[in-house]
Amino acid sequence: MQDLEQRAPSESGGFRIERIGQGRHPLVAVCHALLKLAGTLFLMSGLLVLTLRWLDPPASAFMLRHAYNLWRLDQSPPYYRHAWVPSDRISPFARLAAIAGEDQRFPAHHGFDFVEIRLAWDAYRKGGQLRGASTITQQAAKNLFLWPGKDWTRKVPEAWFTLLMEILWPKERILEVYLNLVQFSPDTYGIGAASLRYFDHPASELTMREASLLIGVLPAPGLHRLDQPSERLERRAAWIIDQSSRLGGIRYLDQL
């Protein structure tokens with residue numbers, strides 16, 4: 001619709017024509033505000049992820065949620081065990097075990113393993129239980145920025161942060177953050193704290209079997225006990241050792 005016009009007196013005694021713009025439709029204004037908000041959120045999240053390429057996060061969203069829940073119960077800190085370990089001080093056996101046990105296509109994919117997603121969907125369509133197909137990058141994004149759950153309100157931001165991490169971080173950094181933030185037992189986060197607690201030595205000294213036991217409890221650390229490994233956990237660890245060998249051993253890390 002065209003703008004309306006009105007005649008207004010001018011200083012010279014004549015009249016001047018003024019255009020009166022009709023107000024913007026409320027729906028257009030709402031859409032404009034939402035787009036502006038989305039752009040701001042995208043920019044801020046991108047800057048955050050870029051910063052964390054070099055800055056080690058002191059805690060994850062999962063850790064903060066854990067601490068908050070215990071604080072509400074009037075428990076005293078420390079609320080959890082955690083110690084950051086740089087990548088070069090993490091045993092190569094631990095890095096290899098993580099890939100072999102959780103995401104064997106990690107060096108090649110760009111955040112999403114569509115082969116595993118298709119296999120999981122095919123199995124579900126044939127009557128099986130829908131299993132997870134999350135990559136190491138997705139799990140790192142979830143642990144660092146988000147919350148537990150499988151609803152779409154979490155899956156959408158998880159996909160966004162996964163893309164950002166794959167674009168802005170090298171694979172070694174993604175794996176380093178993942179191993180330092182993942183939960184190994186109800187109150188133990190990160191491979192540094194887990195190694196000291198359950199094997200009484202730093203993460204740099206983890207053997208293949210120890211690393212495989214640690215990775216074997218994922219992604220359900222509440223179902224296993226690392227201080228008393230069950231037969232099921234031992235079988236899982238043996239499978240991880242076998243898969244690590246099939247991938248080519250430590251040399252597989254050269255692909256990162």
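Author: Setting aside residues within four places of it in sequence, W169 is in contact (heavy atoms within 4.5 Å) with V49, L52, R53, L144, L164, I174 and V177. The model is a predicted one, in which local features need pLDDT of at least 70 and side-chain atom pairs count only at pLDDT 80 or more, while totals for chains, interfaces and linings use all residues. Residues are numbered from 1 along each chain as its sequence is written, and side-chain values use heavy atoms, with hydrogens and water left out.

W169 belongs to the largest nonpolar core, a set of 53 residues. Such a core consists of buried Ala, Val, Leu, Ile, Met, Phe, Trp, Tyr and Cys residues joined through side-chain atoms within 4.5 Å. Together with Y178, F184 and I191, W169 touches the most other members of this core. Two or more residues come from each of α2, α3, α5 (136-145), α6 (152-168), α7 (171-181), α8, α9 and α10. Helices (H or I, at least four residues) and strands (E, at least two) are DSSP runs numbered from the N terminus.

Among these contributors, α9 (208-216) is mostly covered, with eight of its nine residues buried. Buried means under 20% relative accessible area, exposed over 50%, and partly exposed in between (1.4 Å probe, protein chains only). The buried residues of α9 are M208, E210, A211, S212, L213, L214, I215 and G216. Their cover includes α3, α7, β4, α8 and α10.

Helix α3 (residues 92-102) also holds R95. Is R95 buried or exposed? R95 is buried, because its relative accessible area is 14%. Not counting residues up to four places away in sequence, R95 touches S87, I90, E172, L175, L179 and L253. Two of these residues, E172 and L175, are also touched by L256, which lies in the segment after α10 (231-247). The C-alpha atoms of L256 and P107 are separated by 5.3 Å, although the two residues are 149 places apart along the chain. L256 counts as partly exposed, because its relative accessibility is 25%.

The strand β4, part of the cover of α9, belongs to an open sheet of three strands in the order β3-β5-β4, with mixed pairing. The edges of this sheet are β3 and β4 (183-185); each has a single partner strand, so one side of each is left without a neighbour in the sheet. Two strands pair if DSSP finds at least two bridges between them. The pairing of β4 with β5 (residues 188-189) is antiparallel and runs over two bridges, with Q183 opposite Y189 in β5.

The loop between α2 (61-72) and β3 (81-82) contains P78, and the peptide bond from P77 to P78 is cis, with omega near 0°. D74 lies in that loop too. The phi of D74 is near 65°, a positive value in a residue other than glycine. D74 is exposed, because its relative accessible area is 70%. D200, in the loop between α8 (191-199) and α9, likewise has a positive phi, near 60°. At 69% relative accessibility, D200 counts as exposed.

On the surface, V30, L34, L37, L41 and F42 form a nonpolar patch with about 480 Å² of accessible area together. Areas come from the Shrake-Rupley method with a 1.4 Å probe, and for residues only the protein chains shown count as cover. L41, in helix α1 (residues 26-51), is partly exposed, with a relative accessible area of 49%.

For the whole protein, the secondary structure comes to ten helices and five strands. Of its 256 residues, 41% count as buried. Among contacts between residues at least 6 apart in sequence, 64% join residues at least 24 apart. The accessible surface comes to about 15,500 Å², and 58% of that area belongs to carbon and sulfur atoms.

Definitions and conventions. Patches are made of residues with over 30% relative accessible area and no salt bridge: like charges are joined within 9 Å, nonpolar side chains (Val, Leu, Ile, Met, Phe, Trp, Tyr) within 5 Å. A salt bridge is a side-chain nitrogen of Lys or Arg within 4 Å of a carboxyl oxygen of Asp or Glu.
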